[in-house]
Amino acid sequence: MRATTAIALAVAETRRARGALAFCIGSVAVGVFGMTAVGAVTESLDAGLDEETKAVFGADLEISSNQPLTTSTVARTFTQDLVAKGARSAELARFYSMLTPNAGEGTQLVRVHGVGDGFPFFGEIPTEPPGAYATLTATPSVVIDEVTARSLGLEVGDRAQLGKLDVVVVGQLVDKAGTPAAEFSLAPPIYVHHRFLEATGLLARGSRMRYRRMFALPDGLDGETLKAEHFDAAIAEHVTIRTSREAASRVRRFVDRLGAFLTIMGLITLLLGALGIGSAMNAFVRGKLDHAAILRCVGARPRDVFVVYFVLAMIVAGVGCSIGVVCGSLLPAMFSGLAESIGGAYLPTHVTLAPSTSAAIRAAFAGLLATAVFTLQPMWRIANVKPMTVLRRDTEGLGALGWRRRITSFVGFAVAFGFVLLLSAAQTASLTLAAWFTGAIAASVVLLAVVAWLLVRLSKVLARHVPSYAVRQGIANLHRPGNQTQSVVVAVGVGFLLLASILIIQASMRASIAIDQQKDLPNVFIVDIQPDQEAEIRAALTALDAADENFAPMISARLRAVDGVPVDKSKVERDARQRTFEDRMTTREYFVTYRETTAANEEVVDGTFWIGRPERQEVSLDERLAGAIGADIGATLTLDVQGLPLDATVTSLRRIRWQALTPNALVVLSPGDIENAPKMFVASARLPSADARFELQRRLATRFPNLSVVDITAAAETVVGLLEQISIVFTALGFLAVVTGAIILGGAIAAGRARREREAMLLKVLGASRAALRRVLVAEYASLAVFGVGAGWVLAELVNRIALPALFEVPAVVPYGSLVPIAVATVTLETLVGALIGRSVFAKAPLDVLRGP
Amino acid sequence: MGGHIEVDGIGRDYRDGQAKLTVLDGVDLEIHPNEIVAITGPSGSGKSTLLALLAGLDRPSRGRVTIDGVTITELDEDALSRFRGRHIGFIFQSFQLIDTLTAVENVRVPAELLGDFERAGEAAALLERVGLGHRLTHFPSQLSGGEMQRVAIARASIVQPSVLLADEPTGNLDSRAGERVLELLFERRDTATVVVVTHDASIAERADREIRLADGRIADVIERRAS
C-alpha cells in the first residue's frame, strides 16, 4: 500500500471522531508540555550555572587548605610555578564568626570572606553605594549583605565588632547572583580586606578556617592542565585545587539532582499522556473494528490495516506533540520571572527561564515514541481483525484469543516498560535511577490495577444493595466490555498518587524541619568552642534555662589506611562536580569525636559499642562510611590526627539519625590518647524562647567572638523557604498529572460514545427519563473518579508511610486538610468532564441511534 | 473473463465451549466462469459460511477452494488478502461502507490498496454508471439504502474482479431499489462469475443455477439455464 493511501485512509478516520481524538491529542500534548517545560527549566538552571560560574568563582584557579598555605610545599611550588608563568594571585580566607553592632541589639552569625587585593579577577561585587568593595583595603571596614543589615539594623556608616576588630560598614551587597558573594550558605556573607584579618584575633582560635589563594591565568595557560599536573601532590598534602568550572559544585550537584527529579516528574506526565493515548486508542479502535474488517474484505493485508491506524496514531501524536512543545516552550518565556520563585533566588547565578530547542525536540521525540509504544497493542489487535467480522458480528473481531492475547498483552507491557527504562535512562543519564524509576512505575501501575480491580469488584457486590437504580446501573456500566475501566482508574489513580505523594512528602519534610514545634529537638548549635571556653558556655546555657545540653569534642583527622593498606587516592575523581560519596570519604577531613557510650541519636547496626574506656583503641563508624572505605568489623583503621598516626580497631557500625540535630560524628573513638589531641567542642541545646536564643548569641559573641552560634530555627526557615519554593514546581506537575487523568477519562468516554448512546437509547425506549439517564451516567463517572482517586490515595498513604521512615527517617504526615478538598475537587472535575463529554447521549433521538449506520 | 471456482469437500466447524458445531460439511461444487449461481436455503443452513469460504474471508476446517487454479485455502494471510483484493468483489446485505469515507472514496479503496491508481481514477465514472454521479462526495449516512448498495457494487467492481460474491444484496432494500441493484449485479456477468446468497426465490429464479443448502450440505441443485 502506498503511503499516500495510508495517510488518506488515516485522515478519513479522523472524520466524525475528532472529539475522541481531541482527547488523544490532549493526552499527548499534556505529557509533552510537561516534559518540554521541565526540560526548559532544568536547562535554564544549567545554563545559568555554566555562564556565570567563572564570575561566581572570581578567578581561573584556586588552591585551598584548612592549614595556612605557607605551610604547604605543594602550595608554594604551585604558586611559584604559576607566578613564573605570568599568573596574578590574591589571598583569601573564609571562616564563620559573629558580627555585633556597636550600637543597638543583636548579633549575627556571618560567613567572613577576607579578600586580598585584585580579587575578584572576573566580574565584580556590586554594592550600594557603588564602589564600596574597592575601598575595603583602606580601613578596617566591611561590606555586608541585606540579611545582616536587616537583622542587625546596620546601615552604611555604622560600626560593628568582628572579633576584636572594630569595623565600619561601607556598603551593602546588591544582586549577589553571578558574583562570588552568591555561594549558598546558611550564614550571610560579609567582606573584609585580608590584611585586617590578623587584627580580628579570630585566626588564632578559629578552627574552621579555609585558606585560599586565587589565580588569574594569562592567555594560553590552561587551568585544567595545571590542576592535572599538581593534583596528586596536592591531594597527598590535603590541599585542594579547583578550576572555575568546579565552582559551586555543591549547588551544581543539588541542581543536577533537582533536575533529575524534575525530569522524572516530566517523564511521569509523559507516560500518563502515553497511557492516555494508549487507552483512548484502545477504545477508539474497538469502534473501528468494522472499518478494519471491511478493509480486510476488500484486499487489505493485516500490515496495511496496521499502517493505516499507526499513521492515524502518529498524526494524532504529531498534533499533540506540536501543541505540547509550543505551550511547553511558551511557558518559561511567559513566566521568566518565575525562576526566582522556584528556588532561583537560592542559586549563585542568575537564572533566566527560556525555551529550550533541545528539550522541545527531546520531548516531541519521546512523545512520538511513547505513542508508538503505547498504541502498539491496540494497533496490533485491529490489524489482526478477522474479515469475517463483517458477516458475523458475533465473530471475535480481535485477532488474538485466550493465551495468545495474554501473551501479546504481556509482550506489550514488556515493550512499554522496556521503553520506559530506556527513555528514563536517556533522560536522567543514570541507569540505576532509571531502573528504580521503571520499577516504581511498574509497581505503582500493578498495585493500582490490583486496588482498582478490588474496588470495582467490591462495588459490584455492594451495588446490589444500593436502592437507587441509577447508581446500580452506573456501577454496572463499569463492568461493560471495552469500557476501559481498569486503565481509566489506573490513570486517574497515578495522577492522584503523584499529587498526594508530593503533598505528603512536603508536609512530612516541613514537619520534620519545624524545629519550634518539636519539643524534643535542640534549637541552638554552638561550634568552635575551645576547651577553656567550655565551662563558661555551660554556665551561660544554664543561666538561660537551656535544656538537653550536649557537648561533643571534635578533633580533625583524616583517613590514612585501612588494615595497613594506604587509602588509594589515585582513583579519586578529579572534577569536584563529579565526585562520589566514596571519593569524598577518602579525601575529606573528618571531625572525629570520642565518648564512653552510644549517643541517643544513633543505633548500633553491627558489632558492639564499647562501654567506658577500653584498653585498646576502638572505633565505631557510620555504616555508610564503612561501606565507602571498605572497613568492616575487626578492620584496623589508621587515622592521621593532625600529623600523628592513630590505629583503632573497628568494633561497631552505627546508623546516625542526623535529624535529631545533636552533635555526632561519622568516626567515634573510644576515649584514651585521643583526648590529648587539639580539639574544639560542638554543643547543642534547647533554649526556651527566641529571646533566650538572642540573648545567648549576644553574650557569646561579645565574650567569645570566635564562636559560631547558630539559631537552628532561623536556619531551618531558610531551608523550609527553599523547599517550599522548589515544591511549587513539583505540585504544579502533580496537578498536571491529575488533569491528564481527567483527559484520559474524557478520552475513554468519548471513544466509547457510540456504544453508550445505543445503550442509553435502549433505556430511553424502555421508559427511562432523561433525568434518570443523566443520573446513571453521573453515577458511572463519579464511581470511576472515586475509584481512581481512592486507589491513588490508598497507595500514596501506603507507600509514603513505609518509604518516608525507611528512606529519610521521617514519619509520614498526611495533610488531610489539603488532600480531602483536592480529592473532592478531582472527583468533581472528572465527573464534570464525563458528564460534559457524555451529554450528547441526551441530544439524540432514539431512532437515530438504534437504526445504526 | 469470469472466475472458475472449484470447491472440494469443504467443511466448517465452530467451537462453542466444549461443543463442536458443524455448519458446513462435505460440500463439493464447481462454478463455471461467468455463471450466475444462487445459493439458497433456510437460516442456519450454511449459505453465508459457504460464501465467506469462497471469498477467503474465513478458513475451512477441511477441504479446499480453488479459484482460477489458485487454491486459496492454502494461501497465507497476506497472499489471501492480495488475492481477494485483485480477484474477488464482495457485496454485503448491510452494505459495509466505511462511514468516514465519501461514496467515491469508498469505491476507490480496493484499487488504491492494490496500488492501481489508474483504476482508482475510474471510481467517479463507475458511480456515474450506477446512477450516483450526483452523490460522489456524499457520506454513507447521507445516502439511502439502495444508493449505499449501488456504491457497494461499484466498489466491488472497481478492480474488475473475476468473481463477485453477494450476500443477500437486496435484503435491506425496498423492491424498487432491490430491482435496480440486481440489474447492476447481473450486468457484471460479462466480466465476472456471480454468486448470490439469497432467501428470495425470485432472485434465485433469475440465476443460471440454484444450489440449495440444508444442514450444511448441498440438498439440491437446480439448473435453470445452461451456462
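The buried residues of helix α3 of chain B are covered by elements that include α1 and α10 of chain A, together with α2 (77-87), α4 (117-120), α5 (123-129) and α6 (145-157) of chain B. The model is a predicted one, in which local features need pLDDT of at least 70, side-chain atom pairs count only at pLDDT 80 or more, and totals for chains, interfaces and linings use all residues. Residues are numbered from 1 along each chain as its sequence is written, while chains are lettered from A and ligands numbered from 1 in the order in which they are written.

Helix α3(B) spans residues 103-113, and eleven of its eleven residues are buried, so this helix is largely enclosed by the rest of the structure. Here a residue is buried if 20 or more other C-beta atoms lie within 10 Å of its own, exposed if 12 or fewer, and partly exposed in between, with C-beta atoms placed from the backbone. Helices (H or I, at least four residues) and strands (E, at least two) are DSSP runs, numbered from the N terminus. The buried set of α3(B) includes charged side chains as well, among them Glu105(B), Arg108(B) and Glu112(B). Just past the end of α3(B), Gly115(B) adopts a positive phi of about 75 degrees.

Chain B as a whole contains eight helices and ten strands. Its radius of gyration is 17 Å, close to the 17 Å that the globule rule gives for 227 residues, so chain B is as compact as a globular protein of that length. This radius is taken over C-alpha atoms, and the globule rule is 2.2 Å times the number of residues to the power 0.38. Along the principal axes, the C-alpha atoms of chain B fill a box of roughly 50 × 40 × 40 Å. Of the 227 residues in chain B, 52% are buried. Among contacts in chain B between residues at least 6 apart in sequence, 69% join residues at least 24 apart; two residues are in contact if their C-beta atoms, placed from the backbone, lie within 7 Å.

Turning to chain A, there are 27 helices and 21 strands, and 50% of its 853 residues count as buried. Where the two chains meet, 22 residues come from chain A and 29 residues from chain B. On the chain A side, α1 (3-14), α9 (289-297) and α10 (302-334) each give two or more residues, with the largest share, four residues, coming from α9(A). That side divides into twelve nonpolar, three polar and seven charged residues. Ala, Val, Leu, Ile, Met, Phe, Trp, Tyr, Cys and Pro count as nonpolar, Asp, Glu, Lys and Arg as charged, and the others, Gly among them, as polar.

Within chain A, the axes of α2 (residues 18-57) and α12 (residues 357-374) come within 8 Å and cross at roughly 150 degrees, which makes α2(A) roughly antiparallel to α12(A). Axes are lines fitted to C-alpha atoms, for helices over the stretch in contact, and angles run from 0 to 180 degrees between N-to-C directions; under 35 degrees counts as roughly parallel, over 145 as roughly antiparallel, 65 to 115 as roughly perpendicular and the rest as oblique. Residues making this contact include Gly31(A) and Gly39(A) of α2(A) and Ala363(A) and Gly367(A) of α12(A).
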